[in-house]
Amino acid sequence: MMSQTKRLLSLSTALAIALPSLAFAEPSAELIEAAKKEGMLTTIALPHDWCGYGDVIASFKAKYPEIQVNELNPDAGSADEIEAIKANKDNKGPQSPDVIDVGLAFGPQAKAEGLLQPYKVSTWDEIPDTIKDAEGFWYGDYYGVMSLLVNKDLVANTPKDWADLLKPEYAGQVALAGDPRASNQAILGVLAAGLGKGAKSGKEAGEAGLAYFAELNKAGNFVPVIGKSGTLAQGSTPIVVAWDYNALGWAKTLNGNPPTEVVVPATGILAGVYVQGISAYAPHPNAAKLWMEHLYSDEGQLGWLKGYCHPARFNAMVKAGKVPQDLIDALPPAASYEKAYFPTLEEVDANKAAVTGAWDSVVGANVQ
């Protein structure tokens with residue numbers, strides 16, 4: 001478990017020492033000019049309160065005012081992003097996404113289906129090998145751990161672990177932050193619950209997680225509503241299973257109205273990596289490459305960190321003294337991350353197949 005994580009982290013720091021100049025690389029004048037000529041970048045599934053994306057997009061616009069950012073369906077899940085590329089293969093209009101940001105399992109899937117084109121950013125060598133495609137078709141961007149966001153106006157006793165959520169006092173209160181048949185966040189929420197039951201990561205934990213949510217649903221504690229800051233504040237989903245960065249970002253937005261608490265469960269601490277890719281059918285391929293350069297620059301990486309996400313180059317940047325201490329201090333205690341399990345790509349794939357394939361038959365709750 002930890003050896004993979006340590007290898008992933010130590011690799012990035014080693015590369016940072018060996019290749020310090022790469023972090024300062026700038027996109028070429030030719031790429032910038034070509035992107036400006038295209039004049040548009042189409043993104044999809046980037047809510048502004050997810051991972052600090054609002055500010056990240058704003059900083060890209062400020063840097064390149066000639067490029068209009070066309071934002072499609074901010075609340076889409078990873079599967080929806082893949083479908084958007086497929087549905088618009090022959091469409092060069094504004095409904096065709098140039099870039100995607102999807103869960104780890106969806107990167108190789110998109111590559112296998114011929115939906116991505118390769119591109120290696122200037123800071124490529126500081127992205128750990130374990131979270132990128134060697135040919136550059138997809139590459140890890142940030143990670144977080146699964147957590148619980150709690151509305152303290154409605155929940156007297158904050159749950160500390162997965163087993164707590166089954167208690168009668170949480171009737172009609174627990175929601176996932178997505179549809180577990182399409183949303184990477186929700187699919188991995190099920191895996192985390194399965195790990196919390198002591199199951200082995202992959203298919204076994206996926207099945208254990210399904211059994212857990214079936215039990216939660218039967219008890220009347222599960223709410224089949226996609227949880228987010230608004231539903232939490234309104235009281236329809238007082239407890240939401242979500243990535244720590246989303247939970248922390250929503251809590252910041254709510255600003256104490258209602259008061260909230262973010263908890264990393266005591267067991268089944270799951271780390272989840274997301275990945276970037278450029279559509280093979282991108283109408284604006286140069287703008288897409290320039291966007292990637294922005295995301296993987298020091299500025300872009302710190303933008304994600306401000307949104308409570310650990311960016312892919314985090315360890316290399318810490319080693320190089322590029323991460324302000326206040327950003328590190330704003331994150332939950334390091335102990336939660338030290339105990340986090342980073343599933344392999346094979347385990348993520350096996351879990352995804354188990355969860356998406358059997359949610360309807362095992363749990364039977366139509367999340368929407």
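**Entry 1: the two domain centres.** I began with the spacing and found the C-alpha centres of domain 1 and domain 2 to be 26 Å apart. I am working from a predicted model here.

**Entry 2: where the domains run.** Next I looked up the bounds. Domain 1 takes in 29–142 and 272–333, while domain 2 takes in 152–270 and 341–363. So that you can follow along, each domain is written as two stretches of the chain.

**Entry 3: who touches whom.** I then checked the contacts: 22 residues on the domain 1 side meet 21 residues of domain 2. Together the two domains bury about 1,800 Å², and carbon and sulfur atoms account for 62% of that area.

Entry 4: How many salt bridges did I find between domain 1 and domain 2? The count is one. I looked up D75 and K228 as well, and their side chains form a salt bridge at 3.5 Å, N to O.

**Entry 5: the domain 1 face.** Last, I went over the side of domain 1 that touches domain 2. Helix 4 (78–87), helix 5 (106–112) and strand 9 (271–279) each give at least two residues to this side. Sorting the residues of this side by class, I got 14 nonpolar, six polar and two charged.

Conventions:
Residues numbered from 1 in each chain as written. Predicted model: local features only at pLDDT ≥ 70, side-chain atom pairs only at ≥ 80, totals over all residues. Heavy atoms only, no water. Domains from an automatic or database assignment. Contact = heavy atoms within 4.5 Å. Buried area = accessible area lost by both parts, 1.4 Å probe. Salt bridge = Lys/Arg side-chain N within 4 Å of Asp/Glu carboxyl O. Helix = DSSP H or I, 4+ residues; strand = E, 2+ residues; numbered from the N terminus. Nonpolar A, V, L, I, M, F, W, Y, C, P; charged D, E, K, R; others polar.
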